[in-house]
Amino acid sequence: MRILVSGAGMAGLAAGINLGVTGNDVTIVERADHLRVNGSPVDVRGDALDAARSMNVLDQIHARRVTMTERSQFIDADGTVVAELPVSEISDSEDDIEIPREDLAHVLHGALTPTTSLVFGESIAHLHDDGAGVDVAFASGRQDRFDLVVGADGMHSLTRRLTFGPEGDYLKHLGFYVALTDLPAQRGGDRESSFLNWPGHLIGIARYHDTALGVLNFRSDWIDYDYRDLDAQRRILLDAFAGHDEWRVPEILDAVRNDPELYFDSVSQIHLPTWHKGRVVLVGDAAHCASNLSGRGASLAITGTWLLAQALHKHQGDLETAFDEYETNQRPYATRAQDSAGPGGDLIMPATQQALDARNERLRAMTRG
Ligand SMILES: Cc1cc2nc3c(=O)[nH]c(=O)nc-3n(C[C@H](O)[C@H](O)[C@H](O)COP(=O)(O)OP(=O)(O)OC[C@H]3O[C@@H](n4cnc5c(N)ncnc54)[C@H](O)[C@@H]3O)c2cc1C
């Protein structure tokens, strides 16, 4: 089949591998002009480890594993440690692999088959599914026809919007915002990741290998802004953290002002009753974003694209049956991940001083053993 994949994040790259090795001619279009590899380390866990093994990428993922959450601590305004974050609070199993997002992207990119091509700076503008194929007009003006379109374009998926309707119909805001920014001046130095809280806020520095990342989280009701407007993102963040100059806060806010790759988004989930319509199917965050609080986004991207490719291969030409099988097999993983996101916000940014003190006391008791 000729398959178009929209988006080259974890789901798009994994789709490229899994659909490529099962004999399809795959084109991935990525809106950015490069792989968007920034972000903090992500986890590959559970059945995604088996899928990664079948994709022949598990050894490389293992080789690049980091242990950032084993070295995470909460500090006070002077930088004194007030509690450590035991790894059991984040991870279910010691088999889980934590890997920098950029490393996972490069491993997946390197495993694309010769039948998969990746086009940067391109995006779908218009789709028309006539039942026998999908005519696609691209933003560049190019036109083409595919047997299948896979939407792997993230939480704010355009493919989903064009096929299923407005984002607001499917997005559930969890009440938090998250930002990540590179801190080149903080590279090297300490090995611990340190996080400072005040009620409803977390700001800190995550460290792994030689990298230092500024991490900002805050509680907020939904904010209306153009999610692609970097200046609007900066304004929202600087407002949310205004009036604080303790510890390394000024340095992190400076990075927010200057980082061209700043990552900022709402902590939200996507809930859809079905992930396919006609010849269009959704994978990854576009289908079932569980939010970064679940720690399962990358794993869902890997299992989902693996299950989709297997189902399409098994039911050659019978798309409806293949999509149903994909959804039946992937839905339990997505539901579990979405259900698991709940407590994460209270752990990393308690809403009140009382809740913060109680969190720190609870973590101290755990570390005392
Ligand atoms: C820059 C960035 C940083 C992230 N950092 C973290 C993190 O630190 N921790 C965490 O848990 N999760 C993070 N995430 C989310 C995480 O990557 C996903 O939850 C998970 O890996 C599932 O990936 P996905 O491929 O479905 O979505 P995404 O990773 O969001 O990838 C979607 C891709 O589609 C591209 N795209 C979007 N719209 C279009 C379009 N119209 N046409 C073509 N391409 C398009 C995007 O540029 C992106 O490359 C981050 C996502 C991004 C984009």
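Leaving aside neighbours within four places in sequence, which residues is Arg 248 in contact with? They are Gln 186, Ile 205 and Arg 207, where contact means heavy atoms within 4.5 Å.

Before going on, a word about the model: it is predicted, so local features need pLDDT of at least 70, side-chain atom pairs count only at pLDDT 80 or more, and totals for chains, interfaces and linings use all residues. Residues are numbered from 1 along each chain as its sequence is written, and side-chain values use heavy atoms, with hydrogens and water left out.

Back to Arg 248. You'll find Arg 248 in the loop between α6 (230-240) and α7 (249-258); helices here are DSSP runs of H or I with at least four residues, and strands are E runs of at least two, numbered from the N terminus. Arg 248 has a relative accessible area of 27%, so it counts as partly exposed (buried is under 20%, exposed over 50%, partly exposed in between, with a 1.4 Å probe and protein chains only).

| Protein atom | Ligand atom | Distance |
|---|---|---|
| Ala 11, backbone N or O | oxygen | 2.9 Å |
| Ser 123, polar side-chain atom | nitrogen | 3.1 Å |
| Asp 285, polar side-chain atom | oxygen | 2.7 Å |

On its own, the ligand has 920 Å² of accessible area, and the protein covers 91% of that (Shrake-Rupley method, 1.4 Å probe).

Notes. A polar contact is a pair of N or O atoms within 3.5 Å; within protein, one must be able to donate a hydrogen and the other to accept it, and residues adjacent in sequence count only if both atoms are side-chain atoms.
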